[in-house]
Amino acid sequence: MKASALEILLARLYTDETALKQFLANPEEYAAQADLDDADIAAVKHMDLTGLQMAAASYAAKRKQHWQPRLPIYQPLINWLKTLWCL
Amino acid sequence: MEAVAGAAVAVDKHHEPIRDRVGIGWRGKLAAGIFSNIEQIDILEVIADDHYRAPSTMLRALRTLAAHVPITLHGVGMGLASTEPAQVDRMEKMARLVDALQPDSWSEHLAFVRAGCIEIGHLAAPPRTAHNVEAAIANIERAKNLVGSYPLLENIATLINPPASSLDEGTWVSEIISGSGTGLLLDLHNLYANALNFGEAPKDVLRRFPLDKVSVVHLSGGHWIPEPGNSPRMRLLDDHVHDVPAPVYSLLTTLAQHARQPLTVILERDGNYPAFDSLLNQISAARDALRLGRSTAHLLSDAA
């Protein structure tokens, strides 16, 4: 199966701030240009716009977090093994 | 080492012992506390994605850890509930880890994380439709074929009720679980947050999930965030950086009342780490909640 047009639309709105602003300004018009079928266009017209904005903000924060330097996850394990093996 | 020495043991109506286990997610910053208190931890959950590129020396270190305490692997990036095929590359990496570590089980989320080459960077709830159920089952079967065993599947938290959904979350999860023939990793804080955010009673939502298929349980916490604009309303964000709230333990008790199978409970904590004693207290509270549920399960059948 290929990705549903609605999943692609949601992914774009969650990751592209400009697209999200354009969508919020006129959801129906934006949806009509997004290759959605009639049922999905109708669903998008009534979607939870508050939740959409909150979800997009949450994902943006997560992406930002992932760019920060990662914890050296192996170091505590190696320290413990050294203790175990009396190294 | 007898790693299950602290496991909550209850006896069901037919006098069969039910050995529940309680553990914690392995995080580097918690390692010292985990190793110092390993006798109170029945199992560790290791985030698989952190180790997909692990060199063989690190895999040996993880194998040594797994020899001392049971482990379960938890994936976050496959996107098994996508309508599009999930990435084979991640499944192959999971297969390598499963082969190397021989975990009790492995798990992934019922989420989509990418669509049409757009990476969301986190777990997103897809529209809950029959079409999506069919696609998720195909992804799960593909994962099983590559990894060699079925994943346990986890319900996710979402701040948005996905549009175009024709199924409620419990029904959607049930259909995927029964269609794929695998078990459920039930995240009780995710369930709790979704229920509150969308105006339902958490225990009503719980009963719509396939409780007889729950194998592993996640416990965590979150915090309330304001809705945008001038709305006075708030929504609960599952963030893994706060303590487990009391109502989530209550959900665990209800689950333990209804489920006849052993449960493995994992405390998740991803930051804002408290003193390890605080995490041990939450592990202990989970054991208490399980015991209470097991010891009062007969009340349900008596009432029926």
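Reader: Which is Asp35(A), buried or exposed?
Author: This is a predicted model, where local features need pLDDT of at least 70 and side-chain atom pairs count only at pLDDT 80 or more, while totals for chains, interfaces and linings use all residues. Residues are numbered from 1 along each chain as its sequence is written, while chains are lettered from A and ligands numbered from 1 in the order in which they are written. A residue is buried if 20 or more other C-beta atoms lie within 10 Å of its own, exposed if 12 or fewer, and partly exposed in between, with C-beta atoms placed from the backbone. Asp35(A) has 11 C-beta neighbours inside 10 Å, so Asp35(A) counts as exposed.

Reader: And what's the phi of Asp35(A)?
Author: Most residues other than glycine have a negative phi. Asp35(A) sits in the loop between helix H3 (27-32) and H4 of chain A, where helices (H or I, at least four residues) and strands (E, at least two) are DSSP runs numbered from the N terminus. Asp35(A) isn't a glycine, yet its phi is positive, at about 65°.

Reader: Where in chain B do I find His240(B)?
Author: His240(B) also has a phi that's positive, near 65°, in a residue other than glycine. With 18 C-beta neighbours inside 10 Å, His240(B) counts as partly exposed. Look for His240(B) in the loop between strand E13 (234-238) and helix H8 (246-258) of chain B.

Reader: How many helices does chain A have?
Author: Chain A has 87 residues, and 32% of them count as buried. Read along the sequence, the pattern of chain A is α-α-α-α-α-α. With zero strands in chain A, the helix count is six.

Reader: Which helix gives the largest share of the side of chain A that touches chain B?
Author: The contact takes 39 residues from chain A and 36 residues from chain B, where two residues are in contact if their C-beta atoms, placed from the backbone, lie within 7 Å. On the chain A side, helix H1 (5-15), helix H4 (38-45), helix H5 (49-67) and helix H6 (75-84) each supply at least two residues. The largest share, 11 residues, comes from H5(A).

Reader: How many nonpolar residues does that side of chain A have?
Author: Ala, Val, Leu, Ile, Met, Phe, Trp, Tyr, Cys and Pro count as nonpolar, Asp, Glu, Lys and Arg as charged, and the others, Gly among them, as polar. The side of chain A that touches chain B has eight polar and seven charged residues, and its nonpolar count is 24.

Reader: Which residues of chain A does Pro163(B) touch?
Author: Pro163(B) lies in the loop between strand E9 (152-154) and H5 of chain B. Pro163(B) counts as buried because it has 21 C-beta neighbours inside 10 Å. Not counting residues up to four places away in sequence, Pro163(B) touches Pro127(B) and, from chain A, Ala43(A), Val44(A) and Met47(A).

Reader: How do H4(B) and H5(B) lie to each other?
Author: Axes are lines fitted to C-alpha atoms, for helices over the stretch in contact, and angles run from 0 to 180 degrees between N-to-C directions. Helix H4 (residues 130-147) and helix H5 (residues 169-180) of chain B pack at about 40°, with axes 9 Å apart. Angles under 35 degrees count as roughly parallel, over 145 as roughly antiparallel, 65 to 115 as roughly perpendicular and the rest as oblique. H4(B) and H5(B) are therefore oblique.

Reader: What's the handedness of the crossing of H8(B) and H9(B)?
Author: H8(B) packs against helix H9 (residues 276-295) of chain B at about 40°, with their axes 7 Å apart. A crossing is left-handed if the near helix is turned anticlockwise from the far one by less than a right angle, and right-handed if clockwise. The crossing of H8(B) and H9(B) is right-handed.

Reader: Which residues of the largest nonpolar core touch the most other members?
Author: A nonpolar core is a set of buried Ala, Val, Leu, Ile, Met, Phe, Trp, Tyr and Cys residues joined through C-beta atoms within 7 Å. Leaving aside residues up to four places away in sequence, Leu252(B) touches residues including Leu188(B), Leu219(B) and Val265(B). Of the 102 residues in the largest core, those that touch the most other members are Val217(B), Leu252(B) and Ala286(B).
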